[in-house]
Amino acid sequence: MALRQILKDGDETLRKNSRPVGEFDAKLQALIDDMFDTMYDGQGIGLAAPQVGILKRLFVMDLQDGTPPVVAINPVINACEGSQIGQEGCLSIPGKYGDVERPASLVLEAYDRFGQPFSLPATGLRAVCICHETDHLDGILFRDKVKGPLLSE
Ligand code: NI
(Lines give C-alpha, C1' and ligand atoms only; values in the text may rest on other atoms or scores of the structure.)
Protein backbone atom coordinates (compact mmCIF):
# COMPACT_ATOMS: atom_id res chain seq x y z
CA MET A 1 0.00 0.00 0.00
CA ALA A 2 1.36 3.38 -0.97
CA LEU A 3 -0.32 6.61 -0.14
CA ARG A 4 0.30 9.66 -2.30
CA GLN A 5 0.00 13.22 -1.11
CA ILE A 6 -3.28 14.88 -2.07
CA LEU A 7 -2.80 18.38 -3.45
CA LYS A 8 -4.99 21.01 -1.84
CA ASP A 9 -6.99 23.86 -3.33
CA GLY A 10 -4.58 26.67 -4.20
CA ASP A 11 -2.01 24.34 -5.75
CA GLU A 12 -1.57 25.36 -9.39
CA THR A 13 -1.36 21.75 -10.56
CA LEU A 14 -5.06 21.32 -9.79
CA ARG A 15 -5.81 24.03 -12.36
CA LYS A 16 -3.96 22.47 -15.27
CA ASN A 17 -5.31 20.35 -18.11
CA SER A 18 -4.35 16.71 -17.96
CA ARG A 19 -2.99 14.79 -20.94
CA PRO A 20 -4.47 11.57 -22.33
CA VAL A 21 -2.99 8.30 -21.12
CA GLY A 22 -1.09 6.59 -23.92
CA GLU A 23 0.62 3.64 -22.26
CA PHE A 24 -1.04 1.04 -20.06
CA ASP A 25 2.24 0.06 -18.46
CA ALA A 26 3.41 -1.02 -15.01
CA LYS A 27 3.85 2.59 -13.95
CA LEU A 28 0.17 3.25 -14.70
CA GLN A 29 -0.87 0.15 -12.74
CA ALA A 30 1.11 1.36 -9.73
CA LEU A 31 -0.46 4.81 -10.01
CA ILE A 32 -3.96 3.31 -10.10
CA ASP A 33 -3.28 1.11 -7.05
CA ASP A 34 -1.85 4.08 -5.16
CA MET A 35 -4.84 6.23 -6.12
CA PHE A 36 -7.26 3.65 -4.68
CA ASP A 37 -5.21 3.41 -1.48
CA THR A 38 -5.10 7.19 -1.19
CA MET A 39 -8.83 7.57 -1.90
CA TYR A 40 -9.82 4.93 0.69
CA ASP A 41 -7.43 6.42 3.24
CA GLY A 42 -9.09 9.81 2.75
CA GLN A 43 -12.57 8.24 2.90
CA GLY A 44 -13.41 9.62 -0.52
CA ILE A 45 -15.56 8.04 -3.22
CA GLY A 46 -13.50 9.34 -6.13
CA LEU A 47 -9.99 10.59 -6.87
CA ALA A 48 -8.51 12.03 -10.06
CA ALA A 49 -4.84 11.76 -11.01
CA PRO A 50 -4.14 15.53 -10.90
CA GLN A 51 -5.12 15.44 -7.22
CA VAL A 52 -1.97 13.42 -6.60
CA GLY A 53 0.08 15.64 -8.90
CA ILE A 54 -0.09 13.48 -12.03
CA LEU A 55 -1.50 15.34 -15.03
CA LYS A 56 -2.97 12.31 -16.78
CA ARG A 57 -6.59 11.73 -17.73
CA LEU A 58 -7.77 9.09 -15.31
CA PHE A 59 -9.77 8.75 -12.15
CA VAL A 60 -10.79 6.05 -9.72
CA MET A 61 -14.20 5.77 -8.08
CA ASP A 62 -15.79 3.55 -5.48
CA LEU A 63 -19.23 4.59 -4.30
CA GLN A 64 -19.04 1.91 -1.59
CA ASP A 65 -22.64 0.95 -2.24
CA GLY A 66 -21.92 -2.61 -3.29
CA THR A 67 -21.14 -1.74 -6.91
CA PRO A 68 -17.63 -2.51 -8.17
CA PRO A 69 -14.84 0.06 -8.06
CA VAL A 70 -14.23 1.85 -11.37
CA VAL A 71 -11.03 2.93 -13.08
CA ALA A 72 -11.76 5.40 -15.87
CA ILE A 73 -8.95 6.26 -18.27
CA ASN A 74 -9.34 8.96 -20.94
CA PRO A 75 -12.98 9.39 -19.88
CA VAL A 76 -15.59 11.05 -22.05
CA ILE A 77 -19.09 11.93 -20.84
CA ASN A 78 -21.89 11.41 -23.35
CA ALA A 79 -25.68 11.45 -23.50
CA CYS A 80 -26.25 13.84 -20.61
CA GLU A 81 -29.93 14.21 -19.73
CA GLY A 82 -31.82 16.18 -17.13
CA SER A 83 -30.30 17.74 -14.06
CA GLN A 84 -29.88 17.12 -10.34
CA ILE A 85 -28.52 19.23 -7.54
CA GLY A 86 -26.56 17.53 -4.81
CA GLN A 87 -24.04 18.33 -2.13
CA GLU A 88 -20.42 17.69 -3.09
CA GLY A 89 -17.10 17.70 -1.30
CA CYS A 90 -13.56 17.05 -2.47
CA LEU A 91 -10.43 15.56 -0.91
CA SER A 92 -8.56 18.60 -2.28
CA ILE A 93 -10.91 20.99 -0.46
CA PRO A 94 -11.21 19.33 2.95
CA GLY A 95 -14.09 20.28 5.21
CA LYS A 96 -15.99 22.23 2.55
CA TYR A 97 -19.29 21.31 0.94
CA GLY A 98 -21.71 22.86 -1.48
CA ASP A 99 -24.57 22.24 -3.89
CA VAL A 100 -23.66 21.64 -7.52
CA GLU A 101 -25.91 21.07 -10.52
CA ARG A 102 -25.03 18.02 -12.61
CA PRO A 103 -26.78 15.92 -15.28
CA ALA A 104 -29.36 13.49 -13.91
CA SER A 105 -28.04 10.78 -16.20
CA LEU A 106 -25.11 10.23 -18.51
CA VAL A 107 -23.01 7.56 -20.15
CA LEU A 108 -19.33 7.31 -19.27
CA GLU A 109 -17.10 6.09 -22.10
CA ALA A 110 -13.58 5.24 -20.97
CA TYR A 111 -10.84 2.61 -20.92
CA ASP A 112 -10.20 0.28 -18.02
CA ARG A 113 -6.78 -0.27 -16.46
CA PHE A 114 -5.91 -2.83 -19.13
CA GLY A 115 -6.82 -0.55 -22.02
CA GLN A 116 -10.19 -2.15 -22.76
CA PRO A 117 -12.94 0.33 -23.69
CA PHE A 118 -16.15 0.27 -21.68
CA SER A 119 -19.40 2.15 -21.47
CA LEU A 120 -21.06 2.83 -18.11
CA PRO A 121 -24.53 4.38 -17.82
CA ALA A 122 -24.86 6.41 -14.64
CA THR A 123 -27.49 8.25 -12.63
CA GLY A 124 -27.64 9.77 -9.14
CA LEU A 125 -24.43 9.87 -7.11
CA ARG A 126 -22.57 7.83 -9.73
CA ALA A 127 -23.26 10.49 -12.38
CA VAL A 128 -22.27 13.24 -9.93
CA CYS A 129 -18.98 11.54 -9.10
CA ILE A 130 -18.12 10.94 -12.78
CA CYS A 131 -18.71 14.63 -13.58
CA HIS A 132 -16.77 15.84 -10.53
CA GLU A 133 -13.74 13.65 -11.29
CA THR A 134 -13.76 14.40 -15.02
CA ASP A 135 -13.81 18.12 -14.18
CA HIS A 136 -10.54 17.62 -12.27
CA LEU A 137 -8.92 16.52 -15.53
CA ASP A 138 -9.77 19.92 -17.00
CA GLY A 139 -8.57 21.89 -13.98
CA ILE A 140 -12.08 22.52 -12.66
CA LEU A 141 -12.97 22.23 -8.96
CA PHE A 142 -16.50 21.75 -7.62
CA ARG A 143 -16.33 25.06 -5.81
CA ASP A 144 -16.20 26.79 -9.21
CA LYS A 145 -19.71 25.45 -9.80
CA VAL A 146 -21.27 25.75 -6.36
CA LYS A 147 -24.73 27.27 -6.24
CA GLY A 148 -25.09 29.32 -3.09
CA PRO A 149 -22.60 29.27 -0.22
CA LEU A 150 -19.60 26.99 0.14
CA LEU A 151 -20.34 25.41 3.50
CA SER A 152 -17.86 24.43 6.16
CA GLU A 153 -17.99 21.21 8.11
NI1 NI B 1 -12.59 16.38 -6.10
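We'll go through the metal site and then the nonpolar cores.

Mentor: This is a predicted model, where local features need pLDDT of at least 70, side-chain atom pairs count only at pLDDT 80 or more, and totals for chains, interfaces and linings use all residues. Residues are numbered from 1 along each chain as its sequence is written, and side-chain values use heavy atoms, with hydrogens and water left out.

Trainee: Which protein donors hold the nickel ion?
Mentor: Donors are N, O and S atoms within 2.8 Å of the metal (3.2 Å for Na, K and Ca); water is not among the atoms, so sites may look incomplete. Here they are Cys90 (SG), His132 (NE2) and His136 (NE2), at 2.1 to 2.2 Å from the nickel ion. Along the chain their spacing reads C-x41-H-x3-H.

Trainee: Where do His132 and His136 lie?
Mentor: Helices are DSSP runs (H or I, at least four residues), as are strands (E, at least two), numbered from the N terminus. Both histidines are in helix H2 (residues 124–137), four residues apart, about one turn of the helix.

Trainee: Is His132 buried or exposed?
Mentor: Buried means under 20% relative accessible area, exposed over 50%, partly exposed in between (1.4 Å probe, protein chains only). His132 has 7% relative accessibility, so it counts as buried. His136 is buried as well, at 1%.

Trainee: How many residues has the largest nonpolar core?
Mentor: Such a core is a set of buried Ala, Val, Leu, Ile, Met, Phe, Trp, Tyr and Cys residues joined through side-chain atoms within 4.5 Å. The largest has 16 residues, and those with the most contacts inside it include Leu28, Ile32 and Ile73. Helix H1 (26–41) gives the most to this core, with six residues.
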